[in-house]
Amino acid sequence: NMTLPPTFVEGFHDLASIKKLKFVKIGKTDMVGSHVGIGGCSAGGEYGEVDDQETVLTIMEAVQRGINIVDTSPNYGCGRSERVIGQALRQLPRKSFYISTKVGRYGAEWKDKFDFSARRAHESIDASLERLGLDYVDLVLAHDVEFALDVNQVIDETLPAMQEMVKQGKARYIGISGYPLSTLKDVIERSTVPIDVVMSYCRCTLMDQELLKYVPYFQSRGLGLMNASVTGMSLLTPQGPPYWHPALDPIIAAATRANQLCESRGSDIARIATQFTVATCGAQVNILGCRDRDVLHKNWDAATEPPTPEERQLAQDIQT
């Protein structure tokens, strides 16, 4: 007797699966998001080699199961993620998904990495739409605003350019993403452009729950809240973090110990991490990376089945 989300398409969705998801209105937008979404970072090859065709099949299966948020960025594999995700989206009903992409963070070389100018933002959204094969995205985010040389540029140039995109029909809503929650709050406080959604990453995990201190603030502003990277960018996975991971050695050592504890009890740390965050964080959507269908199935189970008493105990033990 659940109310089906506005993204539901008769004859396309798997009804038994969709009933396992929770759907929540995202802030003041008209988007009603599944409590888990699909992240596009691994599709760009950022977490090691991936097979593009497998990525396409993974995204198509996720959306057929009822997951209706797909998140990407031109920064993920320098456009590769958007191109491959576009191949999947072209085969899906446009009504069945909400897609978000980003502006401000780009290429592999440091000098090309960040550009929050209005000019680059406009060029970027056009290139993103072309790669995705879409007329519009549902959400455009300023990507990792803490890396702007001057946060005033985000307020004076990037956000007004994004508001312009909405007027031009290229995006429906706008948001900001980043790691330091204090910076996200600062931009929200000072923006002259209304912000619809905030995306935080790595800040509600087994090892860091700083996001919880900010949830009441984001809610008081009527913002949609998306939480990404429930495993702390692969820190809390059996294979451990990628070579570029920014965590300091003591954090990596603690994650390794947590992984050993999970293995000693016959469990998978990524499952415990996903269960914990989905239950705890207070975001409307948790964005999960899914490099292939196998990982999608594991994430799906962790996000839709309640943890066993043993798994609850394990999550507590990891945090102590």
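Predicted model: local features only at pLDDT ≥ 70, side-chain atom pairs only at ≥ 80, totals over all residues.
## Phe 218 and the cores

Skipping its neighbours within four places in sequence, Phe 218 is in contact with Leu 181, Ile 188, Val 198, Leu 211, Leu 223 and Leu 225. Phe 218 belongs to the largest nonpolar core, a set of 87 residues, where Phe 218 and Ile 176 have the most contacts inside the core. Helix H6, residues 151–167, gives the most to this core, with 7 residues.

There's also a second, separate core of 13 residues, and Leu 236, Ala 255, Ile 269 and Leu 314 are among its members. As background, nonpolar side chains in soluble globular proteins tend to be buried together.

## The barrel

Now for the strands. A closed barrel of 8 strands runs in the order E3-E4-E5-E6-E7-E8-E9-E10, and the pairing is parallel. From one strand to the next, the twist averages 30 degrees.

H5 (residues 118–132) touches strand E5 (98–103) and strand E6 (137–142), and its direction makes about 140 degrees with that of E5. H8 (residues 211–220) touches strand E8 (197–201) and E9, with about 160 degrees between the directions of H8 and E9.

## Strand E9 and its partners

E9 covers residues 224–228 and is joined to E10 by 3 bridges, the two strands running parallel.

How many residues of E9 are buried? The count is 5 of the 5, so E9 is largely enclosed by the rest of the structure. Gly 224, Met 226 and Ala 228 point one way from the strand, while Leu 225 and Asn 227 point the other way.

## Helix H8

H8 carries Phe 218 among its buried residues, along with Leu 211, Tyr 214, Val 215 and Tyr 217. What covers these buried residues includes helix H7 (181–190), E8 and E9. After H8 comes Gly 222, with a positive phi near 70 degrees.

Asp 71 sits in strand E4. Is Asp 71 buried or exposed? Its relative accessible area is 3%, so Asp 71 counts as buried. The side chains of Asp 71 and Lys 102 are joined by a polar contact of 2.8 Å. Not counting residues up to four places away in sequence, Asp 71 touches Ile 38, Gly 39, Gly 40, Tyr 76, Ser 100, Lys 102, Leu 141, Met 199 and Ile 287.

Tyr 76 is in the loop between strand E4 (69–71) and helix H3 (80–89). With neighbours within four places in sequence left out, Tyr 76 is in contact with Gly 40, Cys 41, Gly 44, Glu 46, Asp 71, Ser 81, Lys 102 and His 143. Gly 40 and Lys 102 are also on the Asp 71 list. From Tyr 76 to Ala 228 is 152 residues in sequence and 14 Å in space, C-alpha to C-alpha.

## Gln 239, out in a loop

Gln 239 lies in the loop between E9 and helix H9 (249–264). Gln 239 is exposed, because its relative accessible area is 60% and the cut-off for exposed is over 50%. Gln 239 and Ala 270 are 31 residues apart along the chain, and their C-alpha atoms are separated by 9.7 Å.

## Helix H11

H11 has 12 residues (293–304) and reaches 16 Å from its first C-alpha to its last, close to the 16 Å expected at 1.5 Å a residue. Asp 292 caps the N-terminal end of H11, with a side-chain oxygen 3.1 Å from the backbone nitrogen of Asp 294.

Which residues of H11 are buried? They are Leu 296, Asn 299, Trp 300, Ala 302 and Ala 303. The buried residues of H11 pack against helices H1 (15–18), H2 (52–65) and H10 (269–280), and against strands E3 (36–39) and E10 (285–289). E3 and E10 are both strands of the closed barrel.

Notes:
Residues numbered from 1 in each chain as written. Heavy atoms only, no water. Helix = DSSP H or I, 4+ residues; strand = E, 2+ residues; numbered from the N terminus. Expected span 1.5 Å × (residues − 1). Buried < 20%, exposed > 50% of the residue type's maximum accessible area, 1.4 Å probe, protein only. Contact = heavy atoms within 4.5 Å. Polar contact = N/O pair within 3.5 Å; in protein donor to acceptor, adjacent residues only side chain to side chain. Core = buried A, V, L, I, M, F, W, Y, C linked by side-chain atoms within 4.5 Å. Pairing = 2+ DSSP bridges. Axes fitted to C-alpha atoms, helices over the stretch in contact; angles between N-to-C directions.
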